[in-house]
Amino acid sequence: MSTVATPSEPRRRLRAPRLPVRRRPIDGAAPRRAPSAELLYGLALTAALTAIGLRGGGGLALGPTTAVEMALDVAGGLLAALAVLAASGRRWWGGVTVALFVVLLVVTALSITWAVQPSDALIETHRTVAYVAVFGSAVVVARLRGGWWRATLGAVCAATTAISLWAVLTKVFPGALAADEIYARLRQPYGYWNAVGLTAAMGLPPALWLGARRSGHAAVNALAYPMVGVLLVATLLSYSRGSLLAAAVGCAFWLAVVPLRLRGIAVLATGAVGALLVTAWAFAQDTLTEDNVSLDQRMTSGHELGLAVLCMILVLLAAGLAIGFGAARRAPRPATRRRAGAAVAVAVALVPIALVVALAMSDKGLGGSISSGWKSLTDPNDQTRVYNDPSRLTSVGSVRARYWDESLKIWRADKLTGAGAGGYRTARLRYRTDRLAVRHAHGYVVQTAADLGIIGLAASLALFVAWLVAVGRTLGWRMPGAAGTSRLTRRLLRRPPPAPLAPRPPSGPEHVALATLAAVVVVFGVSSFIDWTWYVPGTAVMALAAAGWVAGRGPAGEREAEDARDAAGLWPAVRTGARVPWRAALAVAAVAIGLLAAWSAWQPLRATQAENAALAAVGTDAAKARALTETARDRNPYSIDPLVTRAIVENAAKRPQAAREALVEAVRLQPSNPASWTYLASFELSTLHHPKAAIRLLGPALHLDPQSPTAAQTYVLALRAAGAQAQQRADRRAQRRAKRHHDSG
């Protein structure tokens, strides 16, 4: 049949299908695409983690710590309310871990009733509430929006790099950022060098993930190389041996569980070469490694260090781009990978051999070096001196053995309950052999043993085991006996027999990211075992966020199903849940609990502010000052500071008996605190001029703190005053006898 149109038949025109036309605005600009919710979440999390690290301080200052805790409490309440409204028919993986964390919180709060320092136990309770809020919030976000794992891990990577870069910049620009710094070691923004080193160490696994991943743009992945360089420079300039150990363990864990070993080693080795070159030059500069250097010298050397770091960043970035684009253009062959892997294995095996050879060739020999190092680490009376310079990185001595020995002595005094949360600082005064002011035992386990005893250790162990089980479930690790219940248990519970074991899920991109988050927690755990970084908000919050995400993500099979179900969006589920009365009531209760926790955490700071205002009003308005001390007492009834301030106010108002009553009340409130006895003894001596009463009061003070210089000095002054008073009485009696003898004669 012919397809040619006849003259009487109209010719048909073939028209192409009409495609949708993307209209441009009138001004000709291309339409802008709104940022995704995942991107906004990642940016917000990065900003929050960075702000906590830069502004939260080292956990010792009450003001910054309180601000962080209040923000975390409110955020935790809001996310808990969101979880109540949006959760419908989903299994909450990580719920047992959160519940056990709450158990630890309850133990901490109950310790206020038996603590030697109830005000410190109250502060530690508020800290634990904030940490529970962080961990629970991470579980909530992982359950509601688990597909945002890239944003979560990217936020940890960016925050650790930003904080580490800021720490290095305080060395580069000391005039603007650290003009009053007297130490050469990096310790800003926390005020504690080991926290700086730990932050940098926690950033290494995420940087390895960024540079080794197979997804993402090569230019973005190349940023991992200068990131590793900056992180290692910050770690080395902090002279933190514990952070180096934690970084080594964390990177080894990452290389063991992530199937991107050669890629990760390439990133780590390249960044390490750049960092070692920069730090080798810096360690050779006395103005960068010695304490108490003038500002002018630090500025000159700091600018030179800045140029070296900038050159390192540019060179490592170029190397990362070359490696990334080269590998994308031509991937190495399997034989090349095998040879590279063998070379890396040989290099790693040679490290301990080289260490053994170096120890054998030393003056003490292999056995003597090991024995001397072990003694320096474990002997509380070891006098090995470790300096705050680069030689510290190769030294073995430490004062931790002394702190740990004191912790064990405190624990033996009350094995079940300990001295109460935060009580180590006060209880150690009875056992110390020096006059150092130490607030923490430099180790989570020994600190918990001293503070909370067996109860706290049991709660912490249960939490740790539950988290390990959650990590194994999330990463697809099967432990012995975890495949199913026994036959007897199934019969008793009337459960069907377990289904055949499914094959192990492949190590996809999310599996690698979750393993990386677990590696971040491993780094923090190693450091927290030998240091008090648990009390530093910037490091603890980052680790708890990673730990909560891994615990709450759940098994791989359920992850895929839930991500597909959540594709419709979060807010429709929230609106549906808000229509259910009991869900709405629970959501309101969660927000109220978060606000109440924030208000409670604010009270110790408000009490301190009222005390300062009372001291300022002492010379002008005694009634106002007295009222402010009562306000401070109401806000923090567990502290002796408002009572001591009340004594100062009453003494200034010429009411010594009222001042004495306030100090007596302080002794009744904290009888195991040597400071309360010392305050009352000093008042009896200096104001009431009762040296014998002061001597009696100094007995308990010196029993609780034999090394107290204040109590010892007060005791000497009281003895002299008592002797002077006795001499005066003897002189008066002699004068009276002489007068009577004269009158009778």
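Modeller: L72 is buried, with a relative accessible area of 13%. Buried means under 20% relative accessible area, exposed means over 50%, and partly exposed lies in between, with a 1.4 Å probe and protein chains only. L72 sits in helix α2, residues 62-86. Helices here are DSSP runs of H or I with at least four residues, strands are E runs of at least two, and both are numbered from the N terminus.

A word on the source: this is a predicted model, where local features need pLDDT of at least 70, side-chain atom pairs count only at pLDDT 80 or more, and totals for chains, interfaces and linings use all residues. Residues are numbered from 1 along each chain as its sequence is written, and side-chain values use heavy atoms, with hydrogens and water left out.

What does L72 touch, leaving aside neighbours within four places in sequence? L72 is in contact with I52, A130, A133, V134 and V541. Contact means heavy atoms within 4.5 Å. L72 and S137 are 65 residues apart in sequence, yet their C-alpha atoms are 9.2 Å apart in space.

Now the wider picture. The protein has 30 helices and zero strands. Of its 745 residues, 45% count as buried. Take contacts between residues at least 6 apart in sequence: 76% of them join residues at least 24 apart.

Next, the nonpolar cores. Such a core is a set of buried Ala, Val, Leu, Ile, Met, Phe, Trp, Tyr and Cys residues joined through side-chain atoms within 4.5 Å. The largest has 112 residues, and F101, W254 and W549 touch the most other members. Helix α7, residues 193-212, gives the most to this core, with 13 residues. A second, separate core of 20 residues includes A647, L680, A711 and A718. Beyond four places in sequence, W549 touches residues including Y41, A138, W148, W149 and L514.

Q117 has a relative accessible area of 8% and is buried. Q117 lies in the loop between α3 (95-110) and α4 (118-144). Not counting residues up to four places away in sequence, Q117 touches A421, R425, T426, Q670 and N673.

Compare L468, in helix α18, residues 444-475. L468 is partly exposed, with a relative accessible area of 35%.
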